[in-house]
Amino acid sequence: MDNHTKEQRHTNMSHIKSVSSPEEIVRKYLFSNGFRYRKNDPRYSGKPDVVLPKYRTIIFINGCFWHQHPGCKRAILPKSNIDYWLPKLKRNVSRDQENIKKLKADGWNVIVVWECMLTKSKQKATLEDLAEKIRAAK
């Protein structure tokens, strides 16, 4: 059972943007450092957030809750409506694993950047590490 009324839930869900702040942070960093990319390219499994063809690299920028980041405090299950959330989140994780497996089989370097790694205190180190991983893939 949901803790909110239908109207409250609708209002909450309508405020969720299609492009999250973590995606914007990564994309702006990549572009400002000379990386050119495609975003949300439907030709690839999972419609990755960032595709860098020159480096044969694909980047997924995952929310810790939606993709159930292992060991992360943001990946907790809701206490209400568990019959809905548990299967949904499990499907997300399963689909992520399948997509990554397919992309790697096709020769892509796949990098997952988690939302919690882009907090102010970790952001610089995470983005520098990301750039190193991309360059190493070339």
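In which loop is Lys47 found?

A: This is a predicted model. Lys47 is found in the loop between strand E1, residues 38-39, and strand E2, residues 50-52. Its backbone stands out: phi is positive, about 45°, although Lys47 is not a glycine. Lys47 is partly exposed, because its relative accessible area of 47% falls between the cut-offs of 20% and 50%.

Asn81 is not a glycine, yet its phi is positive at about 55°. Asn81 sits in the loop between strand E3 (57-62) and H3. Asn81 counts as partly exposed, with a relative accessible area of 32%.

Arg43 forms a salt bridge with Asp41, and their closest N and O atoms are 2.7 Å apart. The two partners differ in cover. Arg43 is exposed, with a relative accessible area of 57%. Asp41 is buried, because its relative accessible area is 6%, and buried means under 20%.

In general, side chains of opposite charge can pair when their charged atoms come close. The structure holds 5 salt bridges. Lys133 and Asp129 are 4 residues apart in helix H4, so about one helical turn separates them. Lys133 is partly exposed, with a relative accessible area of 42%. Asp129 is also partly exposed, at 35% relative accessibility. Elsewhere, salt bridges with shared partners join Arg38, Asp41 and Arg43 into one network.

Helix H2 has a pair as well. Arg27 forms a salt bridge with Glu23, with the closest N and O atoms 3.6 Å apart. Arg27 and Glu23 are 4 residues apart in helix H2, so they too are separated by about one helical turn. Here both partners, Arg27 and Glu23, are buried.

The axes of H2 and H4 (residues 120-137) come within 11 Å and cross at roughly 55°. H2 and H4 are therefore oblique to each other. The crossing of H2 past H4 is right-handed.

Next, the surface. Met13, Ile16 and Trp66 form a nonpolar patch there, with about 280 Å² of accessible area together. Ile16 is placed in the loop between helix H1 (6-14) and helix H2 (21-32). Ile16 counts as partly exposed, at 48% relative accessibility.

Asp83 counts as exposed, because its relative accessibility is 70% and the cut-off for exposed is over 50%. Asp83 and Pro53 are 30 residues apart in sequence, and their C-alpha atoms are 40 Å apart in space.

Finally, the whole. The protein has 4 helices and 4 strands. Along the sequence, the pattern reads α-α-β-β-β-α-β-α. The C-alpha atoms fill a box of roughly 50 × 35 × 25 Å along the principal axes. Of the 138 residues, 33% count as buried. Asp41 is buried, whereas Lys47 is partly exposed in the loop between E1 and E2.

Terms used:
Residues numbered from 1 in each chain as written. Predicted model: local features only at pLDDT ≥ 70, side-chain atom pairs only at ≥ 80, totals over all residues. Heavy atoms only, no water. Buried < 20%, exposed > 50% of the residue type's maximum accessible area, 1.4 Å probe, protein only. Patch = residues over 30% accessible without salt bridge, like charges linked within 9 Å, V, L, I, M, F, W, Y side chains within 5 Å. Areas by Shrake-Rupley, 256 points an atom, 1.4 Å probe, with all protein chains shown as cover. Salt bridge = Lys/Arg side-chain N within 4 Å of Asp/Glu carboxyl O. Helix = DSSP H or I, 4+ residues; strand = E, 2+ residues; numbered from the N terminus. Axes fitted to C-alpha atoms, helices over the stretch in contact; angles between N-to-C directions. Parallel < 35°, antiparallel > 145°, perpendicular 65-115°, else oblique. Left-handed = near helix turned anticlockwise from the far one by under 90°.
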